[in-house]
Amino acid sequence: MTTAPESTPGSAESIPDTAPQTGRPLPRKEDARLLTGRTRWTDNIEPPGTLHVAFLRSPMAHARIGNVDASRARGVPGVAAVFTGADVADEQGSLPCAWPVTEDMVTPPHPPMAVDEVRYAGEAVACVVARDPESAADALEEIDVDYEPLPAVLDLEEALADGADPVHADAGTNRAYVWPFSNGDVDAAFSGADMVLTRRYRQQRLIPAAMEPRSVVCQPEEGGYTLWSATQIPHVLRLMLATVTGVPEHDIRVVAPDVGGGFGSKLQVTAEEVLLLLLARRLGRPVKWTETRSEGFQTTHHGRAQIQDVSIAADADGRLRGLKVDLLADMGAYLMLVTPGVPLLGAFMYPGIYKMDAYSFTCTGVFTTTMPTDAYRGAGRPEATYAIERIMGELADELGMDPVELRRRNWIGHGEFPYTTIAGLTYDTGNYEAATERALELAGYHELRAEQERRRKSGDTVQLGIGVSTFTEMCGIAPSRMLGELNYGAGGWEHASVRMLPSGKVEVVTGSSAHGQGHETAWSQIAADRLGVPVEDVRVLHGDTRVSPRGLDTYGSRSLVVGGSALVHACERVVDKARVMAAHMLEAAEDDLEFTGGRFRVRGTERPSAAIQEVALAVFAAHDLPEGAEPSLDSDAAFDPSDFSYPHGTHLCAVEVDTETGAVRIRGYTAVDDVGTVVNPLIVEGQVHGGLAQGIGQALFEEAVHDADGTLVTATMADYLLPSAADLPGFTTDRTVTPSTTNPLGSKGVGEAGTIASTPAVVGAVVDALRPFGVRDVPMPCTPERVWRALQEAQRARNGGEGR
């Protein structure tokens, strides 16, 4: 129904018919401004009088800092100030680590600007504040620093050896912590097994590359500071800035404007954010910094970087008996916000979807003279899935079984849910059979195997490989009780509020801060359905701690599962308040009212009804309120789920490998995911596609490489290979649906699924193509050179160590 020009807000004539919004593929509301750039990125923000900041960064991975001579830099035209680490040493504090995973964890001080020693190439040693970015950059050239080189520490095993050079001399060790976990009789499981298989897998170091570089602006204001940052965590950042700098929390406002991607790399409290707040306080002027790409590659925290020693025990018929994982995790030079906890998120996922008798896991965190690692899309879960899915493929080969059949014999059946795994997690729902059967059908799995056999028999130089990944993950990172058991420094609840305006429009405020996920659209759909209003009548507000004072932000596929559920409860409270007023307006008992399609009706009668917009206007006017009622429908709610959610799926990848050149081409990729109830299929599809691109990037393209001195030699996009659209295949995707029981939406989270599942599927396919030649592994990324070398090494092994 079209609103007539003469209609008054809230009148029956102004209220259009509504249809269910949940499950509809609505185009994203925010795309018009995001895709055209007509929005506020942090780098667009420049208050009057802004000064620009540039950082001098160490070219050395490990060195003592001697004299820092900034006298010439201070004389460069346009320079307002120059600061060294010594100049801010008394006020800069230490960057926080919020996850002390063990009581004896070594947590070295982490100054935002190095004072006495640098421990990774790119660490800031001085900064220039100038009237424009060019003057600041010019002045950096005039700063002289005396460095006394110290040994670089790069190899994880060598770092733990007796007599190894320490990254932190005061700590006396490069071992940050040791975290063990076990369940079941591991020794019995392995000693009684018919087969024990051991493999070592290497998770290379990855560099996040969000579309928008990091940027920070800080403006001093009467009574406090406003800090704009391209961050995923405005609420966490506000608290941590107060903790580090001593500025009272209520004097800090943090705003995350539209943020162009993060993938975990902006789940951080960075040196630059702390330092810009300190500079604004010192100078009494707005200050601004935006990283260059090469600067970002050096100083945005890195991802993955692990060595995985995995052993699996099984009976001759393929039944799994036990699993052992010994993990070396590269912390880098310092422990950042959640650095030590990232590998432990994976600890609970190494058993995957499989039943077994025993499991043990030990993680050793290791300091190196490199940029610290921290959360990167999936955060521990991709590493775990890679290990279990790769070794399941190897076990199938050793047993002479089809890899899908081996998985069938060991996965949790759909009738066994809820199921408590050997790692101690209780999966609430799932149907691995349905997802796998659909994936096999869509991929033409049996036809692919037949083609593979024909190529092998014919000696084709281009071999076909099929990779299988049947995965699950724990996401919706939230249950505060469980996070407390893991010593995480905060809870995991989320907050939302709903404001019913007199005109019948709705404002939704969420503590979950978007950086590209489509919150404004999905939250509008949820509110529209729960309140019975048109989706275009809902405005979603987020990312500003003054507008949304409560929240725990966005990471771990928690936004919809936790934040969206908080919104559901807030909407329910609005309806409950409106019911009191509607009963008064309709002269009926509250229990006699039903609320459907946005209208209150007296159940079982033809009496007049009242739309929620009409109720909102009547409450605003407050001319005739029920006894004791307040003139507001506005409501808020916090939601803390009882457990994680557990999306799952089956991914199949078919690759062609040229055995003469090592070139790999993905011929087909099929992904069938189960993410529970879907609010917006378009958003889900986009998340899956983006996740696949990142997982394939790790499998085939990306790796951060340091030289022997610890210098990052892949510090530009010319050296660090990111996949483009031309490098990726078309994806075949589908979904099965088993709703979650741990949240009112029934959703399971989708932001990380594609990344988690795809890497083992792709690498498994490459190895599968090369099995006839004796290849059992190709280190990631599977570049043509590495594939070719793996073939040469396998041939030498077959020839008794001799070359061709």
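Helix H14 (residues 445-458) lies across E18, E26 and E27, and its direction makes an angle of about 145° with E18. This is a predicted model, so read what follows as a description of computed coordinates.

Let's stay with the sheet under that helix. It is open and has four strands, ordered E18-E26-E27-E28, with mixed pairing. Strand E18 (462-472) and strand E28 (731-735) are the edge strands, and each of them pairs on one side only. From one strand to the next the twist averages 10°. E18 pairs with strand E26 (residues 648-658) in the antiparallel sense, over eleven bridges.

Now for another sheet. This one is open too, with four strands in the order E21-E20-E19-E25 and mixed pairing. Which strands stand at its edges? They are strand E21 (538-541) and strand E25 (635-639); each has a single partner strand, so one side of each is left without a neighbour in the sheet. On average, neighbouring strands here are turned by 20° against each other, direction ignored.

Strand E19 (residues 494-500) and strand E20 (residues 506-510) run antiparallel and are joined by five bridges, with serine 497 standing opposite valine 509 in E20. The hairpin of E19 and E20 has five residues between the strands, and glycine 504 takes a positive phi near 95° there. E20 and E21, on the other hand, run parallel and are joined by four bridges. Valine 508 has valine 540 as its bridge partner in E21. Is E20 mostly covered or mostly open? Mostly covered: four of its five residues are buried. Helix H16 (residues 519-531) lies across E19, E20 and E21, at about 130° to E21.

On to the aromatics. How many aromatic pairs does a search of the whole structure find? It finds 15. A pair of aromatic rings is described by the distance of the centres and the angle of the planes, and here are two of them in those terms:

| Ring pair | Centre to centre | Angle between planes | Geometry |
|---|---|---|---|
| Tyrosine 201 and tyrosine 386 | 5.7 Å | 85° | edge-to-face |
| Phenylalanine 417 and tyrosine 432 | 5.6 Å | 75° | edge-to-face |

Tyrosine 201 belongs to strand E8 (residues 195-206) and tyrosine 386 to helix H11 (residues 381-399), so their pair ties together parts that are 185 residues apart in sequence. Tyrosine 201 is buried, at a relative accessible area of 2%, and tyrosine 386 is buried with a value of 2%.

Phenylalanine 417 sits in the loop between helix H12 (403-410) and strand E16 (419-420), while tyrosine 432 lies in helix H13 (residues 432-443), so this pair ties together parts that are 15 residues apart in sequence. Phenylalanine 417 is buried at 14% relative accessible area, and tyrosine 432 counts as buried at 3%.

Elsewhere, ring pairs link Trp179, Phe181, Phe348, Tyr350, Tyr359 and Phe361 into a cluster. Rings also meet charges: the charged end of lysine 324 sits over the ring of phenylalanine 190, 4.4 Å from its centre. Arginine 550 places its charged end over the ring of tryptophan 493, at 4.8 Å from the ring centre.

Finally, a loop residue. Where is alanine 316 found? In the loop between strand E13 (303-314) and strand E14 (320-332). Alanine 316 counts as exposed, with 54% relative accessibility. Leaving aside neighbours within four places in sequence, alanine 316 is in contact with Asp194 and Leu399. The C-alpha atoms of alanine 316 and aspartate 194 are separated by 5.6 Å, although the two residues are 122 residues apart along the chain.

Key. Residues numbered from 1 in each chain as written. Predicted model: local features only at pLDDT ≥ 70, side-chain atom pairs only at ≥ 80, totals over all residues. Heavy atoms only, no water. Pairing = 2+ DSSP bridges. Helix = DSSP H or I, 4+ residues; strand = E, 2+ residues; numbered from the N terminus. Axes fitted to C-alpha atoms, helices over the stretch in contact; angles between N-to-C directions. Contact = heavy atoms within 4.5 Å. Phe/Tyr/Trp six-rings, centres within 6.5 Å; stacked < 30°, edge-to-face > 60°. Buried < 20%, exposed > 50% of the residue type's maximum accessible area, 1.4 Å probe, protein only. Lys NZ or Arg CZ within 6 Å of the ring centre and 35° of its normal.
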